[in-house]
Amino acid sequence: MVLFSQVIATFHALFDVIGLPGNLLVIVTIIIESRFHVMRYILLASLALSDFLLLVIVNSFRIGSIAQERWLYGQTMCNLNPFFARYFYINTVLHLVAVSYDRYQAIVKSPLTYDGTIFTKTRMAFMALIWIIPIPLSIGPFLGWGKYVYNPEVFFCEQGWAVQSESIRVVLPVATLIVPFLVIVFLNVSVYKTAKRQINAIEVQVGSCVDAESPQQQEMSRRIRDQKAAVDVSIIITAFLVCFLPTWIMGFFRNFVPGIDVPAEAVLATSCIFFLTAICNPIIYSIRRREFRAALKKVFRRVGVCQDPNDNSV
């Protein structure tokens, strides 16, 4: 168990090493580059902030505790650490719903009138709710609905499954996992089908047209960009599901099948996999989006990390 816990602690530390600068770069790049000042990227910057805080407030405290095989940070942080773990999980789910709805609005609901660069009061309120809604869904154990406790088998603090009421056991997974992801799947399937249908229709209209500046070609290019953006969102959501489902399945057995003794190693491993979500987005966007890579290089040049290849002043 000692060797296994050291390996898990190493992975947690690696997530901080990759995720903290990676998410910070995403936030800085979107702030600096004016072309990214659209709703889709603002939501992704907000998601990157959520991932950054998850690593700082939750993951960082687990590194030392798992490595030392004991909780090192006192009772107050023992309550706050699992609270923030649940908070940022729900916050991430709401971000994915928001990004999916933004793509749905742009491609399916209002393709002709949608303008992601206009930040209305409704959109600002929507952004605020993403950060406010997780609070009442996470604060229950502080009000007597369940309890956050230290688990000596895995060396960190978590939801106390044995003291959680039956209603919370059922309502919480439905409200924070099943319903949101059914909504996400519906939105993204609708977006993909609509974008594909629109591109096929435009291809028929364009025919053998070779004028790259024609309205039809410009519209087709825009639709293709929309479809690529929808694919990016789908990849982010899939990555999140792959990272979180092992933890959710493990929680299901611990919560609803008390007769099964879940090994501590399995809990440690699935909990570790969950934190992969905090490093997925920077990696996905650095691989998938050429304009994002170009913007990152521009940020690096501004801070002197790399040199502009066109600069011959040296």
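**Rings, sulfurs and buried residues in a predicted model**

A search of the whole structure finds 18 aromatic pairs. The model is a predicted one.

Me: Why are the rings of Phe-84 and Phe-88 called stacked?
Reply: The planes of Phe-84 and Phe-88 meet at 25 degrees, and their centres are 6.0 Å apart. A pair needs centres within 6.5 Å, and stacked needs planes under 30 degrees apart. Both values pass, so the pair is stacked.

Me: What makes Phe-84 and Phe-88 about one helical turn apart?
Reply: They are 4 residues apart in helix α3.

Me: Why is the pair of Phe-244 and Phe-274 called edge-to-face?
Reply: The planes of Phe-244 and Phe-274 stand at 70 degrees, with the ring centres 5.4 Å apart. Edge-to-face asks for an angle over 60 degrees.

Me: What does the pair of Phe-244 and Phe-274 tie together?
Reply: Phe-244 lies in helix α7 (residues 215-256) and Phe-274 in helix α8 (residues 264-274). The pair therefore links parts 30 residues apart in sequence. Phe-244 is buried at 10% relative accessible area. Phe-274 is buried too, at 8%.

Me: Which residues form one aromatic cluster?
Reply: Phe-83, Phe-84, Tyr-87, Phe-88, Phe-142 and Tyr-148.

Me: How do you know that the charged end of Arg-62 sits over the ring of Phe-156?
Reply: The charged end of Arg-62 is 4.1 Å from the ring centre of Phe-156. The cut-off for that distance is 6 Å, and the charge must also be within 35 degrees of the ring normal. Arg-62 is listed as sitting over the ring.

Me: How do you know that Cys-78 and Cys-157 form a disulfide?
Reply: Their sulfurs are 1.9 Å apart. The limit is 2.5 Å. The distance is within it, so this is a disulfide. The structure holds 1 disulfide.

Me: What parts does the link of Cys-78 and Cys-157 tie together?
Reply: Cys-78 lies in helix α3 (residues 74-109), and Cys-157 in strand β2 (residues 156-159). The link therefore joins parts 79 residues apart in sequence. Its angle about the S-S bond is -110 degrees, and the link is left-handed.

Me: Are Cys-78 and Cys-157 buried or exposed?
Reply: Cys-78 is buried at 2% relative accessibility. Cys-157 is buried at 0%.

Me: Why is His-12 called buried?
Reply: Its relative accessibility is 1%. The limit is under 20%, so His-12 counts as buried. His-12 is placed in helix α1 (residues 2-32). Beyond its neighbours within four places in sequence, His-12 is in contact with Asn-59, Ile-63, Ile-66, Cys-272 and Phe-275. Cys-272 is buried at 5%.

Conventions
Residues are numbered from 1 along each chain as its sequence is written. This is a predicted model: local features need pLDDT of at least 70, side-chain atom pairs count only at pLDDT 80 or more; totals for chains, interfaces and linings use all residues. Side-chain values use heavy atoms; hydrogens and water are left out. Helices (H or I, at least four residues) and strands (E, at least two) are DSSP runs, numbered from the N terminus. Buried means under 20% relative accessible area, exposed over 50%, partly exposed in between (1.4 Å probe, protein chains only). Contact means heavy atoms within 4.5 Å.
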